Amino acid sequence: MNRMIERLIPLLLLAGAPVCGADPHMTPEERTKLLQWLEESRQEFLGATDGVSEQQWKWKPAPERWSVGETAEHIVVSEAALFGYVQKALSLPANSAWETETKGKTERLEAVLAPRLGKAQAPEPLVPKGNMTLREVRQRFETQRTEIVKFAQETDSPLKEHIVNNPFFGPLNGYQWLIYGPLHTMRHDKQIAEVKGTSGYPK
């Protein structure tokens with residue numbers, strides 16, 4: 001009997017031990033991938049808007065479709081908003097259920113955003129007004145990106161345990177909001193390429 005009790009004691013101690021959840025911080029691999037996306041999307045955006053004339057900037061393939069300028073404006077306005085959600089998430093209390101509530105969302109964002117799969121209606125605040133010049137858009141993009149890249153390089157915040165709801169994907173954690181930015185930009189870089197490749201685009 002004593003020998004049986006001796007065997008059970010370690011099991012009982014293990015059962016009473018706290019269960020450690022996943023680390024809510026970015027892994028080195030995740031940080032590397034994020035920084036690659038930020039640089040890739042930056043190069044794509046600057047390349048897509050380089051040398052665009054005023055006529056090309058404003059030309060629309062159809063009345064209901066966005067011009068190069070409107071798409072570029074949407075990108076810079078959206079990047080600011082998305083980074084704002086990262087900051088908002090970090091300002092909220094940690095969510096102990098973050099693993100369950102945001103499970104699979106990182107993979108879904110990667111699969112859907114950059115490849116430009118599916119269509120979504122931009123929220124009203126992110127709908128372009130068409131009143132920004134090429135110079136203004138590029139300057140704002142570079143200024144915002146400097147701040148975002150610096151944050152991505154330096155942050156040691158437990159991003160994943162802070163959650164804010166997204167109208168399309170539901171609860172997203174701070175890390176997911178952070179990768180949303182460059183993936184969303186790559187999505188719309190492709191849209192700019194589509195406009196420029198449309199018949200009738202000014203030479």
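**Exercise 1. Find which residues of helix 2 and helix 7 meet, then work out how the two helices run relative to each other.**

Step 1: pick out the contact. From helix 2, the residues R31, L34, L35, L38, S41, R42, F45, L46 and T49 touch L134, V137, R138, F141, E142, R145, I148, V149, A152, Q153 and E154 of helix 7. Contact here means heavy atoms within 4.5 Å. Helices are DSSP runs (H or I, at least four residues), numbered from the N terminus.

A word on the model: it is predicted, local features need pLDDT of at least 70, side-chain atom pairs count only at pLDDT 80 or more, and totals for chains, interfaces and linings use all residues. Residues are numbered from 1 along each chain as its sequence is written, and side-chain values use heavy atoms, with hydrogens and water left out.

Step 2: sort the contact by class. (Ala, Val, Leu, Ile, Met, Phe, Trp, Tyr, Cys and Pro count as nonpolar, Asp, Glu, Lys and Arg as charged, and the others, Gly among them, as polar.)

Step 3: look at the axes. Those of helix 2 and helix 7 come within 11 Å and cross at roughly 170 degrees. Axes are lines fitted to C-alpha atoms, for helices over the stretch in contact, and angles run from 0 to 180 degrees between N-to-C directions.

Step 4: name the arrangement. Helix 2 and helix 7 are therefore roughly antiparallel (angles over 145 degrees).

**Exercise 2. Is V52 buried or exposed?**

Step 1: locate V52, which sits in the loop between helix 2 (28-49) and helix 3 (54-58).

Step 2: check its relative accessible area, which is 9%, so V52 is buried. (Buried means under 20% relative accessible area, with a 1.4 Å probe and protein chains only.)

Step 3: find its partners. Leaving aside neighbours within four places in sequence, V52 contacts W57, L134, K196 and Y201.

**Exercise 3. How many cavities of 30 Å³ or more does the whole structure hold, and what lines the largest cavity?**

Step 1: On a 1 Å grid over the protein atoms alone, a cavity is a set of points where a 1.4 Å probe fits but cannot get out, and lining residues have an atom within 4 Å of a point.

Step 2: count. The search finds one cavity of 30 Å³ or more. The largest cavity has a volume of about 50 Å³, where volume is the space filled by probe spheres set on the points, and grid points are joined across faces, edges and corners.

Step 3: read off the lining. It includes L38, E79, F83, R145 and W177. Helix 4, helix 7 and helix 8 each give two or more residues to this lining.

Step 4: sort it. The lining of the largest cavity divides into eight nonpolar, one polar and two charged residues.

Notes
Buried < 20%, exposed > 50% of the residue type's maximum accessible area, 1.4 Å probe, protein only. 1 Å grid on protein atoms, 1.4 Å probe; cavity = no way out; pocket = protein on both sides within 12 Å on 5 of 7 lines; lining within 4 Å. Parallel < 35°, antiparallel > 145°, perpendicular 65-115°, else oblique.
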